[in-house]
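User: I am new to reading protein models, and I would like to learn how to do it feature by feature. Please show me the structure and then take me through it.

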Amino acid sequence: ETRLLDALHEEKNDSKKRKRRDNDEEAVDDQRQGHKKSSSKLLVEAGRDLESAAAEVQSKFLWTALTHYTQMKGESVDSLSPKLTSSFFVTSSQPTLEKRLRSAISMKKLKNWKPIGSPMVMILCSSARRAVAVLKELSSMKVRAAKLFAKHMDLDQQKEMISTHSFGLAVGTPHRVQAICGEGGGGRGSSMNFSKTQLVLLDAAS
């Protein structure tokens, strides 16, 4: 009887230890998740009104976002080269998107763009609806534009289109553009690449 009581007491203690260990592990997981959420939230908050910030501030923010995303994927930031600096950025005080674009590039070059699979200007929008609005706003420029978002064409059609034709302007969403670039990541072998692209515009409007 004494041995039985001792065995039950030991089993009860082991059960408490296991429960305490499980709770500790859950707490660590929750803490990690909370850290990830807070880091992402901080990035989003820091990016508000970024379009009105100086080029140096914009470059630091985007570089931080890029390195954060790379680390979350478990990849080394050493592969990111060259580092984004303010020299990569073009600032404009023009009131409209069309005027900003005209002030940053050569319209003659844009309209006569020849490279296939590498648009001269890439505009990334937050949603397909916003991409449609951007295309409507820029329609007066009379430039051939590639529509790279989900509601216009299916993915295979877009890959075929961008890899066989030249477009001075491309407007799309990050997810669809990434899908079009595929595993090649926009490098050699991808349906689309940015080897000839001269301007990437991040449209922050919703």
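**Reading the model**

User: What is the relative accessible area of Phe 88, and how should I read it?

Analyst: Phe 88 has a relative accessible area of 49%, which makes it partly exposed, given that buried means under 20%, exposed over 50% and partly exposed in between, with a 1.4 Å probe and protein chains only. This is a predicted model, in which local features need pLDDT of at least 70 and side-chain atom pairs count only at pLDDT 80 or more, while totals for chains, interfaces and linings use all residues. Residues are numbered from 1 along each chain as its sequence is written, and side-chain values use heavy atoms, leaving out hydrogens and water.

User: Where is Phe 88 found, and which residues is it in contact with?

Analyst: Look for Phe 88 in the loop between helix 2 (55–72) and helix 3 (97–104); helices (H or I, at least four residues) and strands (E, at least two) are DSSP runs, numbered from the N terminus. Contact means heavy atoms within 4.5 Å, and, leaving aside its neighbours within four places in sequence, Phe 88 is in contact with Pro 82 and Lys 83.

User: How many bridges join strand 1 to strand 3 and to strand 4?

Analyst: Strand 1 (residues 121–124) is joined to strand 4 by 4 bridges, and 4 bridges also join strand 1 to strand 3 (residues 169–172). Within these pairings, Leu 124 has Leu 202 in strand 4 as its bridge partner, whereas Ile 123 stands opposite Val 171 in strand 3.

User: Which residues of strand 1 are on each side of it?

Analyst: In a regular strand the side chains alternate between the two faces of the sheet. In strand 1, Val 121 and Ile 123 are on one side, Met 122 and Leu 124 are on the other, and all of them are buried, which leaves both faces covered.

User: Which residues touch the most other members of the largest nonpolar core?

Analyst: In soluble globular proteins, nonpolar side chains tend to be buried together. A nonpolar core is a set of buried Ala, Val, Leu, Ile, Met, Phe, Trp, Tyr and Cys residues joined through side-chain atoms within 4.5 Å. The largest one here has 22 residues, and Leu 101, Leu 110, Val 121, Ile 123, Leu 138 and Val 171 touch the most other members. The largest share, 4 residues, comes from helix 5. Apart from this core lies another one of 13 residues, including Ala 146 and Ile 180.

User: Which residues of helix 3 are buried, and what do they pack against?

Analyst: For a helix, ask which way its buried residues point. In helix 3 the buried residues are Leu 97, Glu 98 and Leu 101, and they cover an arc of only 100° around the axis (taken from the directions from the helix axis to the C-beta atoms), which puts them on the same side of helix 3. They pack against strand 1, helix 5 (128–137) and strand 4. Glu 98 has a relative accessible area of 16%, and, leaving aside its neighbours within four places in sequence, Glu 98 is in contact with Glu 137, Leu 138, Ser 140 and Met 141.

Conventions. Pairing = 2+ DSSP bridges.
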